[in-house]
Amino acid sequence: MQISSRGYIVVLELSFVTEIGVDSDLQQQLTLPNLSSKSTQLLFSSRLSMPFFQELPQELQLRVAESCTRPTLLSFSTASKVLHQLLTPVLYRVVDLSSHNGPDIDLLMKSSKVPSDWPMNRNNPVDGIVYDKQRALIRTLRLHPSLGKYVRILRWTTVDHSQHAYEAELIPLWDQYNEGTISRSKLEMSLEEYTFNDCTSRLWDTFATFAHVLDVDIAFVAAEKREACTPPPLFRQVQSLRLSGMASAFLIRSIMKSVNPGSLRYLHLNNLNQFAELEGLREELPLREKGKLRPFPRPAGSAGPMRTHLLECSGKWCNLQSLIIDTAGLSGPQPDRASATDVKALEAEDARYQELGALIRSVAKNLRAFRFQQGPTEEKYRNGWRQLPHVRSARLVPPQDGLRPMDALFHQHILSAILESTWPRLEKMELFGVASNTYCASLEATLTNCPLPEETLSQIRAVVGSDPVLDVRPEATRLFWLADSREGSGIVEINSDEWTENEEESENDVAEESQQRCSL
């Protein structure tokens, strides 16, 4: 039989995957040009010896390796030193230790389903598996930091420690401390191995080894407190950046400022929420030192959707091609019926939407794809449902019909930014969860959003042109988590008599312990 050059490559691929046991579905994905079904059967039954594979050109070896599953690569890389050196870059090219891109998850103490990037009260069994793998990777990279240079794609979820680590390792550690077997400083140093997802230096040191990463997707879901320390410059060469979850605005600003603005092509701000800001707070201080401040700073606002993180970025992303903004919005009450607390929240939202509008204006001329999506959270009370005053009833009354605050802000800042910008390169625009009016037919019914009027759609079409795909929907495609005053500043005040044992221990003891751990 005659085989083309492409066919020759496929023959080698099929023989190789048959030899090392790659899944049958992968074999079916490989095409066989100019080969009959009978020839295909012969090829699948053929075998290549290991020495013959090692004599193939390196480019072909890598091509075959990239078609294999990760377990197969791990097994095959142990066959020889040469193969280990060849396959190590392939093994570390993609680091996907995340759980925020999967199917909907359950909530603790609730029966409702929510998106997998939900920061609070998560009940996702995958989190524990992800945590144990993250911990193993960090251990490896602390011993062999040069492996980080091979990483090109990073997906990471800052999950809490696994149940296995808690029961088998953390509880015994605390028991040793309570029994007086180990000192406070030794306990602290031991705990550093487990608390990396609190955004400690251990996590930042790991991320710093990924000097050539191009695609970064991080979700901050361990959202009880702020980052333990300020990150160093990270992800300078990144081309695609996706950030989700709950963090301080300072942390997100730090990450964005580290990115080379000319390199960034794709940006997805996925329902970022922030802790409450504090007056006069020095953000560079470690979290522990912030907790010691006296007098403790007063709140300068409440927790909620992320804001002020884009002020220094507008006008810098000259090569951005795709911008996706997914955000929780305020559903009610309307400004004329708002309380003093609601008014402050509306003022903060107005400034935030204005910030988003400025970003859209600064990048519109280069964008090929743009999506803005806003939507409510899962709690009715947060969406404007209220109990009638002076009426003892558990039933909540829906907000009055009208324009939701998020829609009013969309029209004022986002829509105006769209209509006042030019979109010469645009191929697709999506606007989800944007309405002209919202009403509720009855107490038992859900809120109904009315689509934007045809006049508004015609204005958008006139600005973007006839060629781009335009998809405008009154409903969001998902639920959004929304932070509020319950989340606070993410800083725990430390009493003066706490942790005194640790501070009284000598620095020599701490240095000796650190040296012993490094030698291991």
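Reader: Which residues form one aromatic cluster?

Author: First, this is a predicted model, where local features need pLDDT of at least 70, side-chain atom pairs count only at pLDDT 80 or more, and totals for chains, interfaces and linings use all residues. Residues are numbered from 1 along each chain as its sequence is written, and side-chain values use heavy atoms, leaving out hydrogens and water. Rings of Phe, Tyr and Trp (its six-membered ring) pair if their centres lie within 6.5 Å; planes under 30 degrees apart are stacked, over 60 edge-to-face, the rest tilted. The one cluster is made up of W156, W204, F207, F210 and F235.

Reader: Are the rings of F372 and F410 stacked or edge-to-face?

Author: Their centres sit 5.9 Å apart. The planes meet at 25°, so the pair is stacked.

Reader: What about W174 and Y177, which form an aromatic pair: stacked or edge-to-face?

Author: Their rings are 6.0 Å centre to centre. With 85° between the planes, the pair is edge-to-face.

Reader: Does C199 count as buried or exposed?

Author: Buried is under 20% relative accessible area, exposed over 50%, and partly exposed in between (1.4 Å probe, protein chains only). C199 has 5% relative accessibility, so C199 counts as buried.

Reader: How far away is the nearest cysteine sulfur to C199?

Author: A disulfide is a pair of cysteine sulfur atoms within 2.5 Å, and C199 is in none. The nearest sulfur belongs to C229, and its distance is 8.4 Å.
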